[in-house]
Amino acid sequence: MIKEKIILGIDPGTNIMGYGVIKKRNDKIDFLCLDVILLNKIKDHNLKLKKIFEKTSELIKIFSANEMAVEAPFFGKNPQSMLKLGRAQGAAMTAGIMHNIPITEYAPKKIKMAITGNGKSSKEQVAGMLMNMLSIQEKPKYLDATDGLAAAMCHALQKNNLKTDNKQSWEQYIKSNPNRIN
């Protein structure tokens with residue numbers, strides 16, 4: 001039985017958002033694209049979030065993505081940065097929810113571990129491994145692009161990550177917990 005999915009990977013950011021798209025058909029993974037959205041010229045934070053939502057929605061439509069993998073923000077020293085990253089992640093995830101596709105969040109260390117076998121790998125090491133794995137000829141200008149692609153690859157490499165009844169989507173969670181939504 002052929003199982004095909006198009007996975008959109010997102011590396012959220014409020015200055016640069018990286019993304020990558022792959023197609024997984026059974027055990028074969030094909031590279032479709034990777035790029036970034038440059039947001040640093042947009043001064044209003046709310047407009048940045050709007051752009052993230054719109055671009056993510058556009059990518060879902062263009063590639064007919066049916067699953068989404070998002071890198072979770074990591075706790076740093078600056079709580080303000082963490083809040084902004086969380087909002088960027090939320091804007092991208094909302095686009096996925098609006099298109100009824102399952103979304104899975106991955107910690108940065110888990111993504112690095114899935115790609116390189118080392119949860120403390122550098123962005124350059126992750127990019128190099130992805131270029132090798134997917135036969136990408138040209139290194140992207142921004143490593144945020146390969147970070148987005150790494151989220152998609154991490155998702156594709158997980159065993160049994162096809163949607164099953166024991167995994168709850170955000171949509172199922174909202175239906176099951178209406179009192180938790182304001």
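1. Helices here are DSSP runs of H or I with at least four residues, strands are E runs of at least two, and both are numbered from the N terminus. The model is a predicted one, in which local features need pLDDT of at least 70 and side-chain atom pairs count only at pLDDT 80 or more, while totals for chains, interfaces and linings use all residues. Residue numbers start from 1 along each chain as its sequence is written, and side-chain values rest on heavy atoms, without hydrogens and water.

2. The axes of α3 (residues 108-116) and α4 (residues 123-133) come within 9 Å and cross at roughly 45°, which makes α3 oblique to α4. Axes are lines fitted to C-alpha atoms, for helices over the stretch in contact, with angles from 0 to 180 degrees between N-to-C directions. Angles under 35 degrees count as roughly parallel, over 145 as roughly antiparallel, 65 to 115 as roughly perpendicular, and the rest as oblique. K112, I115 and T116 of α3 meet Q125, V126, M129, L130 and M133 of α4, where contact means heavy atoms within 4.5 Å. These residues comprise five nonpolar, two polar and one charged. Nonpolar covers Ala, Val, Leu, Ile, Met, Phe, Trp, Tyr, Cys and Pro; charged covers Asp, Glu, Lys and Arg; the others, Gly among them, are polar.

3. Helix α4 also packs against α5 (residues 143-157), at an angle of about 60° and with the axes 9 Å apart. This makes α4 oblique to α5, and the crossing is left-handed. On the α4 side the contact involves K123, E124, V126, A127, L130 and M133; on the α5 side, L143, D144, T146, D147, L149, A150, M153 and L157. Nine of the contact residues are nonpolar, one is polar and four are charged.

4. Buried residues of α2 include A88, Q89 and M93. After α2 comes N100, with a positive phi near 55°.

5. I6 belongs to strand β1 (residues 4-11) and is buried, at a relative accessible area of 8%. Buried means under 20%, exposed over 50% and partly exposed in between (1.4 Å probe, protein chains only). Among the residues that I6 touches, beyond four places in sequence, are V21, L32 and F63. The C-alpha atoms of I6 and I60 are separated by 9.2 Å, although these residues are 54 apart along the chain.

Note on methods: A crossing is left-handed if the near helix is turned anticlockwise from the far one by less than a right angle, and right-handed if clockwise.
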